[in-house]
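Please read it with the sequence and the model side by side.

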Amino acid sequence: MVFLAGPRQVGKTTLARRIMDKSATGLYLSWDRRTDRLAIREARWPADPTLVVLDELHKWRDWKRWLKGEYDAHRNLHQFLVTGSARLDVYRRGGDSLQGRYHHWRLHPFTTAEMENGAAVKVLAPGREIAIAAGTAKRASLDALLAYGGFPEPLFAASARTLRRWQRERVDRFFREDVRDVATIHDLGSLEMLADLVPGRVGSPLSLNSLREDLEVSHTAVSRWIDLLDRLYHLFLIRPFALRALRGLKKMPKVYLWDTSLVDDAGARFENVVALHLLKLCHYMQDRDGYRVDLHYLRDTTGREVDFLVTWNGKPWFAVEAKVGDENLAPALPYFRERLRIPYAYQVVLNGTADYVKDGIRCLPAAKFLAALV
């Protein structure tokens, strides 16, 4: 059994239907449709082996108990794919009755590699150098992601008007449905104000005390709200990499958004896009192969910083610095690479064309690097 969860409107239903189309036989049922709700509760399954797709099942109060019974009874004949919004992930964590019966997959917005290469399955080996294709980088896919974000509807509409309408409707539904369904928030207005403040802090260490002062609420409330927005796939946090060999690392996490189109600053938006690509790589290797691959950043008390560090089994694998136009190597990259013995390091430049290696660090166009991921 597979659980497929992710941000609202990321395209889970469409993907589920495509998976079902490729199977020999498939049955798609959505809890949002009255006739399908009746069919689910009756639990009458086909006699032949079938892929059963259950969409938005988590909206049923007794879904976990019911699903456990149906899976145990029919696991030798049918395969079950359970899809849903971020609330599926939240409710899944609420108990362990399904433990050992499912694989959990996180579905991300579109990335450069997916737009360029389709849905081809990649088998990646942690600890190895990223296999970057030779030739000139294609900018069209990356430019589209920067302009419209990675969610399917605004991305493929390629319309600023569609994006504005979609953003407003998505944010309204997020607070009206997702937030209200999983938590009791007495001061919803302040939570919405917090969500409005986050885009201006993308790519910077997140100070909860500063947010507390801006919102005039308690530190506990801000911490709880940030955690809620994280669990509901509105934002995600990247924490600093801690190692004894490097003292004085800042402990504050950096914040990024799942919807990059909400970030106004061009540099911060580009960094957010790179962060999403690297997070998807980590989640892909975690969910598909069970590797312990995590995303961090590096920053010390003197102000030296590297935007991203990907680790494998708690050890550095490769570092990435994101630049809009500067093709000169950032001084912090060789410093951290030497001190932490990072095997590979990349500086990815949005508007750059040069592709060279210096001091063991490769500087290359961002589109070329991102297309080599997943």
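In helix α6 (residues 140–148), the buried residues are Ser141, Leu142, Ala144, Leu145, Leu146 and Tyr148. The cover over these buried residues includes α5 (112–117), α7 (152–157), α8, α12 and α14 (366–370). The model is a predicted one, and local features are described where pLDDT is at least 70.

- Just after α6, Gly149 adopts a positive phi of about 80 degrees.
- Helix α8, which is among the elements covering the buried residues of α6, spans residues 160–182 and contains Arg180.
- Arg180 has a relative accessibility of 54% and therefore counts as exposed, the cut-off being over 50%.
- Apart from neighbours within four places in sequence, Arg180 is in contact with Phe175 and Leu188.

**The cavity**

- One cavity of 30 Å³ or more is found in the structure, and the volume of the largest cavity is about 90 Å³.
- Thirteen residues line the largest cavity, and those closest to its centre are Pro109, Phe110, Gly150, Leu276 and His277.
- Helix α12 (residues 266–289) contributes the most to this lining, with four residues; α12 is also among the elements that cover the buried residues of α6.
- By residue class, the lining of the largest cavity consists of six nonpolar residues, six polar residues and one charged residue.

**Aromatic pairs**

- Across the whole structure, a search finds 19 aromatic pairs.
- One of these pairs is formed by Tyr71 and Phe80, whose arrangement is edge-to-face, with 6.3 Å from centre to centre and 70 degrees between the planes; both Tyr71 and Phe80 are buried.
- Phe236 and Tyr256 form a stacked pair, because their ring centres are 5.7 Å apart and their planes lie at 25 degrees, where stacking requires planes under 30 degrees apart.

- Ala43, a residue other than glycine, has a positive phi near 55 degrees and is found in the loop between α2 (34–42) and β3 (51–55).
- With a relative accessible area of 18%, Ala43 is buried, because the cut-off for that class is under 20%.
- Asp359, again a residue other than glycine, has a positive phi near 55 degrees and lies in the loop between β12 (356–358) and β13 (361–365).
- Asp359 is exposed, with a relative accessible area of 57%.

**The chain as a whole**

- The protein comprises 14 helices and 13 strands, and 51% of its 374 residues count as buried.
- Among the contacts in the protein with a separation of 6 or more, 66% are accounted for by residues 24 or more positions apart.
- The accessible surface of the protein comes to about 17,900 Å², and 46% of this surface belongs to carbon and sulfur atoms.

Conventions
Residues numbered from 1 in each chain as written. Predicted model: local features only at pLDDT ≥ 70, side-chain atom pairs only at ≥ 80, totals over all residues. Heavy atoms only, no water. 1 Å grid on protein atoms, 1.4 Å probe; cavity = no way out; pocket = protein on both sides within 12 Å on 5 of 7 lines; lining within 4 Å. Points joined across faces, edges and corners; volume = space filled by probe spheres on them. Helix = DSSP H or I, 4+ residues; strand = E, 2+ residues; numbered from the N terminus. Nonpolar A, V, L, I, M, F, W, Y, C, P; charged D, E, K, R; others polar. Buried < 20%, exposed > 50% of the residue type's maximum accessible area, 1.4 Å probe, protein only. Contact = heavy atoms within 4.5 Å. Areas by Shrake-Rupley, 256 points an atom, 1.4 Å probe, with all protein chains shown as cover. Phe/Tyr/Trp six-rings, centres within 6.5 Å; stacked < 30°, edge-to-face > 60°.
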